[in-house]
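Let's take a walk through this fold, one piece at a time. Keep the 3D view open while you read.

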Amino acid sequence: MDAKTIEAVAGRLAAARRVAVSSGAGMSAESGVATFRDADGLWSKFNPAELATPQAFRRDPAKVWAWYRQRRAKLAAVEPHVGHRLLAEWEARVERLTIVTQNVDGLHHRAGSKHVIELHGRLDVVRCSVCSFARQTLDDLGPDPLCECGERLRPGVVWFSESLPSGAFEAAVEAVRGADVLLVIGTSGMVQPAASLAALAKQAGAFLVEINPGRTESGANFDAILPAPCGAALSALDAAWSRVRSAP
Ligand code: BV8
Ligand code: ZN
């Protein structure tokens with residue numbers, strides 16, 4: 001990682017009143033949660049059209065549940081890593097640090113972050129496909145669980161062609177457009193409307209930073225790129241930011 005870029009980004013963070021973070025699956029890769037599009041990612045083994053859509057669930061609920069039960073079981077064994085923890089610590093350093101995440105693993109919350117907007121729901125929530133029943137649990141509910149109302153339970157995530165939780169995207173747009181700095185961490189920038197947040201932030205004058213060891217599609221013109229795993233990048237930023245804060 002280029003030391004000059006680290007210093008420049010740390011300087012921007014030190015001067016910022018409001019910071020926003022837009023995180024994707026790469027944010028949780030170092031916690032052992034599989035990403036979607038990396039070579040060994042989830043989509044390399046499964047076709048999203050067959051598993052992460054309402055049509056797929058209607059067609060074969062047991063097949064969709066088998067995939068989610070496997071992912072839910074794995075989630076019980078993972079922990080937030082240093083990158084999640086640093087983002088939680090940084091909330092106390094600025095007026096407001098808001099995380100907008102596409103991730104459904106809940107790791108930002110578990111690391112202690114208070115201001116988290118979850119655009120795509122939560123893997124540890126199940127809800128009824130008809131009534132308003134919802135429950136946070138990672139219990140194994142069996143191959144095709146039913147609600148007390150008799151209808152099917154489904155994972156509490158947002159599938160392709162489903163709308164985001166009401167108000168979530170509006171809150172995310174407000175957070176990134178009001179930010180002095182937006183850190184875009186671990187997302188391939190393929191899924192809308194989440195992928196549009198970087199350009200919206202840039203338009204509103206944010207200093208745009210990408211933290212990602214791979215190439216991405218986001219197309220937003222970043223002011224700084226840290227081509228590294230987020231644990232190392234955030235740790236380097238934290239050290240540089242602390243130096244700026246303690247400088248006379
Ligand atoms: C919507 C939850 C309005 C489920 C997910 C036709 C009809 C209808 C809609 C559409 C359509 N065409 C397009 C759309 C819109 C569609 C879309 O964007 N499709 C794409 C595929 C083209 N979007 C939607 O449908 C959304 N809803 O638009 O509603 C609407 C309604 C009706 C009709 C029209 C519009 C809903 C999208 C939500 C889908 N749900 N997940 C589940 O998890 O099972 S998507 C899933 O993939 C994730 O949530 C995440 O959002 C998404 C993208 O993944 P990333 O997070 O970016 O991860 P990825 O693996 O791709 O990349 C990882 C990155 O990390 C890589 O760049 C890698 O280099 C990097 N990395 C790796 N290691 C590290 C690292 N970075 C840092 N550190 C490391 N160590
Ligand atoms: Zn119900």
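Below is a short tour of a strand and its partners, a sheet, and a pair of helices.

## A predicted model

Before anything else, a heads-up: this is a predicted model. Everything below describes that model.

Start with strand E7, residues 181-185. All five of its residues, 5 of the 5, are buried, so the strand is largely enclosed by the rest of the structure. Both of its faces are covered. On one side sit Val181, Leu183 and Ile185, on the other Leu182 and Val184, and all of them are buried.

What does E7 pair with? One partner is strand E1 (residues 18-23), which lines up with E7 in the parallel sense over 5 bridges. Within that pairing, alanine 20 is found opposite leucine 182 of E7. Strand E8 (residues 207-211) also runs parallel to E7, again joined to it by 5 bridges. Here you can look for isoleucine 185, which stands opposite isoleucine 211 in E8. Helix H10 (residues 197-203) belongs with these two strands: E7, H10 and E8 make up a right-handed β-α-β unit.

## An antiparallel sheet with a helix on it

Next up is an open sheet of 3 strands, ordered E5-E4-E6, with antiparallel pairing. Its edges are strand E5 (134-136) and strand E6 (153-157), each of which pairs on one side only. On average, neighbouring strands of this sheet are turned by 35 degrees against each other, direction ignored.

Zooming in, strand E4 (residues 121-128) and E5 pair in the antiparallel sense over 3 bridges. Valine 125 stands opposite glutamine 136 in E5. Helix H6 (residues 61-75) packs on this sheet, where it touches E4 and E6. The direction of H6 makes about 130 degrees with that of E4.

## Two helices side by side

Finally, have a look at helix H7 (residues 82-90) and helix H11 (residues 230-246). They pack at an angle of about 35 degrees, and their axes are 8 Å apart. The crossing of H7 past H11 is left-handed.

Which residues make the contact? From H7 come Val82, Gly83, Leu86, Leu87 and Trp90. On the H11 side they meet Gly231, Leu234, Ser235, Leu237, Asp238 and Trp241. Sorted by class, that contact has 7 nonpolar, 3 polar and 1 charged residues.

Terms used: Residues are numbered from 1 along each chain as its sequence is written. Chains are lettered from A and ligands numbered from 1 in the order in which they are written. This is a predicted model: local features need pLDDT of at least 70, side-chain atom pairs count only at pLDDT 80 or more; totals for chains, interfaces and linings use all residues. Side-chain values use heavy atoms; hydrogens and water are left out. Axes are lines fitted to C-alpha atoms, for helices over the stretch in contact, and angles run from 0 to 180 degrees between N-to-C directions. Helices (H or I, at least four residues) and strands (E, at least two) are DSSP runs, numbered from the N terminus. A crossing is left-handed if the near helix is turned anticlockwise from the far one by less than a right angle, and right-handed if clockwise. Contact means heavy atoms within 4.5 Å. Ala, Val, Leu, Ile, Met, Phe, Trp, Tyr, Cys and Pro count as nonpolar, Asp, Glu, Lys and Arg as charged, and the others, Gly among them, as polar. Buried means under 20% relative accessible area, exposed over 50%, partly exposed in between (1.4 Å probe, protein chains only). Two strands pair if DSSP finds at least two bridges between them. A crossover is right-handed if, with the strands pointing away from the viewer, the path from the first strand over the helix to the second runs clockwise.
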